[in-house]
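Hi,

Here is the structure I promised to pass on.

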Amino acid sequence: MIDLRSDTVTLPTKEMKNAMQAAPLGDDVFVEDPSINALEEKVAAIFGMEKALFCPSGTMTNQIAIKVHVVPGDEVICSRESHVYCYEGGGIASNSGASVRLIEGASGLLTAAQIEANINSDDVHLPNTSLVSLENTSNRGGGVCYAFEEFYKIKDVCQKYGLALHLDGARVYNAIVKNKEDPKKYGAVFDSISVCLSKGLGAPVGSVLLGSNDFIKKARRVRKAFGGGMRQAGMLAAAASYALDNHVERLAIDHDNAQKVLKAGLSNQWVKGALPVETNIVVLLLKNEITNTEFLEKLKKKGILAVGFGPQRVRLTMHLDVSEADVITICEILLSL
Ligand SMILES: Cc1ncc(COP(=O)(O)O)c(C=O)c1O
């Protein structure tokens, strides 16, 4: 089976496993795991932020960030398509007691003007808007990226109204590689960033939350309360560190593969179009004659796993474990299905 359901399905490489085996370990709740401490320092330095916190998942890093930024009754501005809203189990409400102001952004991307228009005025009737959460790349938007200029405009709006600005950077490295961005630019704009190491970068587990010293001190307390203190988890940090050293530049291969798969997909008889493909995600739009389930079943019979992504939409995600030969096979299957 060629598994294109997500870039989370990658398995650690032999070299990554060697790095994991060699990792010095300690108790991370006591801040004594050398491998985790080293990873946190490394990621903070890459993004030019003061401090980092290693966590089990991107859901946890996002939810911790939101909880630190808001108080119950506040409102978070995010895209209707955002992971923090769609796929984190209602965590904004249950963990932080906050409401959401959902914005319909083109491909899940928000503009500064949209954000400014959705900030509540200082009126006791209204929830207090305190946080803007963005996602780069936009998963439900098909892996599309923000133009960095828009981040600067959004930051200006946040500063004008005293709002915190969080980035769900589950796939921020795809954007960084695609647009040749300096990660430090992100550190200069966002108050907090969640970076996933377990997606395109290929680590088995783990995300890092970035912010100021004060923010991460509070985040560490919330991580403990969420049950995310992981003790001797340095092996996971070593895998993540290996991924950062060895798997960043190769994301460009996934992006090229996505273009090849897009081209083949658009020639498929059941496909009427696709979302714009900028990075590693291909979302095909199906004709009305076929359902997602039927199309996915046809792919599965030929040895390809993908996922439904809303009505008449199927997502195919490129990643570390999709080889050149796999791409040829995928394209042949899409052309003949
Ligand atoms: C955009 C985005 N944010 C956050 C997450 C959450 O990551 P995790 O699965 O590690 O909780 C995902 C997972 O796919 C994602 O796509």
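**Around the ligand**

The ligand is surrounded by 13 residues, and Ser57, Gly58, Thr59, His83 and Ala170 are the closest (a residue is near a molecule or strand if its C-beta atom, placed from the backbone, lies within 6 Å of it). Before you read on: this is a predicted model, where local features need pLDDT of at least 70, side-chain atom pairs count only at pLDDT 80 or more, and totals for chains, interfaces and linings use all residues. Numbering starts from 1 along each chain, as its sequence is written.

Helix H3 (residues 58–69) supplies the largest share of the shell around the ligand, with three residues. Helices here (H or I, at least four residues) and strands (E, at least two) are DSSP runs, numbered from the N terminus. Sorted by class, the shell has nine polar, two nonpolar and two charged residues. For that sorting, Ala, Val, Leu, Ile, Met, Phe, Trp, Tyr, Cys and Pro count as nonpolar, Asp, Glu, Lys and Arg as charged, and the others, Gly among them, as polar.

**The cores**

Which residues touch the most other members of the largest nonpolar core? They are Leu210 and Ala239, out of 79 residues in that core. Helix H11 (residues 234–246) gives the most to this core, namely eight residues. A nonpolar core means a set of buried Ala, Val, Leu, Ile, Met, Phe, Trp, Tyr and Cys residues joined through C-beta atoms within 7 Å. Buried means that 20 or more other C-beta atoms lie within 10 Å of the residue's own, exposed means 12 or fewer, and partly exposed is in between, with C-beta atoms placed from the backbone.

Leaving out residues up to four places away in sequence, Ala239 touches Pro12, Met16, Ala19, Met20, Ala203 and Pro204 (contact: C-beta atoms, placed from the backbone, within 7 Å). There is also a second, separate core of 24 residues, with Leu275, Ile281, Val282 and Leu334 among them.

**The open sheet**

Four strands make an open, antiparallel sheet in the order E9-E10-E13-E12 (two strands pair if DSSP finds at least two bridges between them). Strand E9 (271–274) and E12 are at the edges with a single partner strand each, so one side of each has no neighbour in the sheet.

Going across the sheet, E9 and E10 are antiparallel over three bridges, with Val271 opposite Leu286 in E10. A hairpin of six residues joins E9 to E10. E10 is then joined to E13 by five bridges, where Leu284 has Val314 of E13 as its bridge partner. Two bridges join E12 to E13, and Val307 is partnered with Arg315 in E13. E10 is largely enclosed by the rest of the structure because five of its six residues are buried.

Helix H12 (residues 251–266) lies across E9, strand E10 (281–286) and E13, at about 10° to E10. Helix H13 (residues 292–301) lies across E10, E12 and E13, at about 35° to E13. Axes are lines fitted to C-alpha atoms, for helices over the stretch in contact, and angles run from 0 to 180 degrees between N-to-C directions.

The peptide bond from Asn136 to Thr137 is cis, with omega near 0°. Val31 is not a glycine, yet has a positive phi of about 60°. Val31 counts as exposed, because 11 C-beta neighbours are inside 10 Å.

Cheers

Note on methods. Contact = placed C-beta atoms within 7 Å.
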